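Work through these exercises with the structure open. Each solution follows its task step by step.

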Amino acid sequence: MCGIAGFIPLGAPRERQWLTALGTTMTEAMAHRGESAAAPWVAPSGAAMLACVRLAVQDRTGAGDQPMADPDGRFVLVNNGEVYASRAPLAAPWPRRTHCDTEFVLQQVSRATDEAAVLSSLDGMFALAWHDTRTRRTVLARDHFGVKPLHYCYTDDGLLFASEAQALLATGLIRPKVDPAEFVLRSWVRMDAADEHTWLSGIRALQPAEYLVVDAPRVRLRRYWQPEPSDEVVGAEEIRAAFDRAVALRSVADVPRAAVLSGGVDSSAIFSALHSKGVEVAPYVAHYEDGIGGSGSDVDHARLVSGAHGVPLTVCELSRRDAVTLVPEVAHRLNRPLLHGAELAMYQLYRRISAEGQVVVYSGHGADEMWGYQDGGYFPVVDPAAATHVHGRHYLTHRLHRDERPLWGELIEWLARELGVDMDDIRQRVWDRVLREYRALDTLDPLKRGRHHLMRRFLVYVNDMVDLTSSTYTLEDRPVFQDVTLAELAFRCPEHLKSPWVPGRHKELLKTALGTLLPPAVVQRRKQGFPSPTDPVYEQALRNLAAEQGLPFGLTGLPGHLHDALGAGELMFLASSSAWLERLRTPEPTPPVEGETPMASTHIWQWSTVAEAAELEDAPPRTAPQQAQPWCNFTLWHPAELPGGCDAAVGTLRKEAPPGRTDASAGRTPWSDANPAAYRTEISGGGRRLRLKQFLYDWAFPAADHPCLWGSETRAFPIGAGRVVWLGTDYLGHRAASARMSRTTVELSVLEGEFTDEELVELYRALRPADAEAPARIVRTPFSELSYWARHATDMISVPTGLYYFHRRDRPHEGDWVPTAELPTFLAAQFLPGELGGFAADSAAVFTGGEGARELEVIYTNQAGGGELRLVLLRLGAGRMPYPPEREKHPARTQETRVRGRSVHIAFVDPAVGPFDAVWQDPALGVEGKLLSSAGQGMDKEFALGCLDTLLSCSPLAGRGAAL
């Protein structure tokens, strides 16, 4: 499971820097979908940009990183999902360099003369994008069943795509809009609302078994697979052989695995088959606490199955409180209203599974849609006992969805009237769009058409929900029954053989095929849908939440009889609709403008603070990361995996307050009366203990990077997404590490026991943002608006500010920060660049010394890991920097070189990743300067010298203007 993104210009090619920044913005918005993101790939022609955040499930080395290119560099691919095999593999054009599936797919598409044939033969779940640099063709594709999503939209001059709609919105190139008629349609058909449109206007979803071919400016949509309906005898042995093959293909992984075990036929057969193959899988089952749901029988049957294999079952409880408070959160994550209580349960279940270190999850969804049906009116279009009128147009457009839940239908009809939406138009859209796949299958068998409808509508709703809830916690869900061979058997098999015409009997053919894997009680168990929470106290809590949120679209006047009759499902829908629509009103980022420096005019990230220092707690309280993030002016990271043997991670939050000394000293910034925010996480277990400390490093201008391992020998370990982890010793002598991650300094100290280098580096790789949106928004927020010292006039902390000595001791903080909106004008007046080495000007300040000596500082930021450049210009002889420069005590290499005819002194820790500190003087101009570069992948010595070359060619520094 990964997150992929990209942009394809449909007009003139775009600038490389603009495309790179765009790709990084999108991967940051999907950071939760993986462990790391390599730099976006931009075609030399500027004809495409591809980006990916990767969750390494097979081949966890860097060799499997994406975007991935073939040896010749002609084809470049990004891949979300897992491709297990091909049923018609093409010969490998080069020897495999990895054992990850991405390279296998790359080999297949690079040999393709017929994209449809290659895609149709793939076994797996995938969303792909690849670019041919020779022909400039880009292809986007989604798997046969739509397990993995792929969203796209058209901008003014291009095609933007990503695994999540949220990544599209993060670019600012498209604004979130909801059309009332589309809202009514999708609410009316509920879980059949899965076609190429989405809840957001302008954003589309590539449909299952479809691919998009882009030969700019031409874009063509095609389908590569559709099951062939027939009526042939399909035996239980054939089904079992296909099932065993599906399980075997999906059993390969290099990470810990779990299974969702409901105690039903599908999930039980999968768990039993995996266990019988020797695959270690931890079973989990969802259960509602407080009597709000009827899922006790799930637990009993799941425990029966797990117990038969001697494996303990983990019961994940969803409390009444969580089932209320999670409603707005889950709606925001799904980017739509809640349509079923299962969405809450799955969200909580995946959270628990992830917290216990699992990465891959096996599930059984997809079996019902192709092999059985639920009792009652839920799937009438595949019920062999249903009356024939069920397949008539009037029933399908007027009653199919309303009869399933009449009260829900009455609520949506009221919403339609209030919003001015014509229900006749909605029913026509149901026929034209929702039922398009019901009508598309070439068969006279209405039950087969019903199966196709379920596979292309209801199942895609399930897949989209599962993807968003599982990816929130960096999990890969593998639905075994969504296998092409099994699906083709299902559409060959006569419907009357799958289930008898007897109420309470279902999936008899599938049970016969899988019976040896199942306890008798599971085989005989009556089919149950996923339980929804029902309880009078819970319903009242939902009613209170709905009243607090108000009706969607600001409506009022819900009829009394309807208000009183609403149940948990309808109340959940109303509350989540209002919460989601309100969240969409949050100001979105301004899109980057090519050739201009993107400048924020408002706070992109906002956080809470304590009003007075005296109100701070005596000791920072224990606070979960998700609850702490709104109090932090930096991205807060938490570990998705703990080092071996460690089983506890306790976080404490030091909230921000205005300057002032108090008795509460715990967690205080040393040597200052400042009270900035900070977060500490203590991880322990097995006699070992370490501490992570996170904060915005802003208390030592003009430092661009300050290794917490000051004064010790350090070693650099790149971890992807442009980030570097440093290992060494902290100032107290503890074994330690440090990294800059989306502007956050994450320091680590080993307090007890021993940890290997690999364990420490892997812990950093396992860090995930507490809020998936925070990294992109915080990196966009100007430093001057984030920094505590820029917002409060308090003394600077006297610590080293670079690899060369820079003096600011005993000087008050007198910097005047340039208002963000005035920054472009300010830089132009100073003849200074708005962009440097691909980094955009972010903030600037003017400092004035006691003798009137003037000093300028400009901060340049990129959006790949939050790297920074700091430019400092001073009047010659201001006394801040001795010249020739004096080295600080941190071990570093130094050299003297010439750039643009000037002598420049450079210091660096690692020539491949930095950080760098360059100092120069120009007596003729009366200026001395300093440029600092933070550490990062791609920020090597060549990069630093290139930035210097650009800088020293600018007007003021080339003698054609006066910056000071």
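This is a predicted model.

**Exercise 1.** Find how the axes of helices α5 and α13 are oriented to each other, and which residues make the contact.

*Solution.* 
Step 1. Take α5 (residues 180-189) and α13 (residues 406-419): their axes come within 10 Å and cross at roughly 175°.
Step 2. Angles over 145 degrees count as roughly antiparallel. α5 and α13 are therefore roughly antiparallel to each other.
Step 3. List the contact. α5 supplies Pro-180, Phe-183, Val-184, Ser-187 and Trp-188. α13 supplies Trp-408, Gly-409, Ile-412, Glu-413, Leu-415, Ala-416 and Leu-419.
Step 4. Sort these residues: nine are nonpolar, two polar and one charged.

**Exercise 2.** Give the strand order of the six-stranded open sheet and identify its edges.

*Solution.* 
Step 1. The order reads β5-β6-β7-β8-β12-β13, with antiparallel pairing.
Step 2. β5 (68-69) and β13 (218-223) each have a single partner strand, so one side of each lacks a neighbour in the sheet.
Step 3. Look at one pair. Four bridges join β8 (residues 137-142) to β12 (residues 210-215). Leu-140 stands opposite Leu-212 in β12.

**Exercise 3.** Describe the five-stranded open sheet.

*Solution.* 
Step 1. Its order is β16-β15-β14-β17-β18, and the pairing is parallel.
Step 2. β16 (314-318) and β18 (476-479) are the edge strands, each pairing on one side only.
Step 3. Ignoring direction, neighbouring strands are turned by 30° against each other on average.
Step 4. Helix α7 (residues 265-276) lies across β14, β15 and β17 (360-363), at about 130° to β17.

Technical notes: Residues numbered from 1 in each chain as written. Predicted model: local features only at pLDDT ≥ 70, side-chain atom pairs only at ≥ 80, totals over all residues. Heavy atoms only, no water. Pairing = 2+ DSSP bridges. Helix = DSSP H or I, 4+ residues; strand = E, 2+ residues; numbered from the N terminus. Axes fitted to C-alpha atoms, helices over the stretch in contact; angles between N-to-C directions. Parallel < 35°, antiparallel > 145°, perpendicular 65-115°, else oblique. Contact = heavy atoms within 4.5 Å. Nonpolar A, V, L, I, M, F, W, Y, C, P; charged D, E, K, R; others polar.
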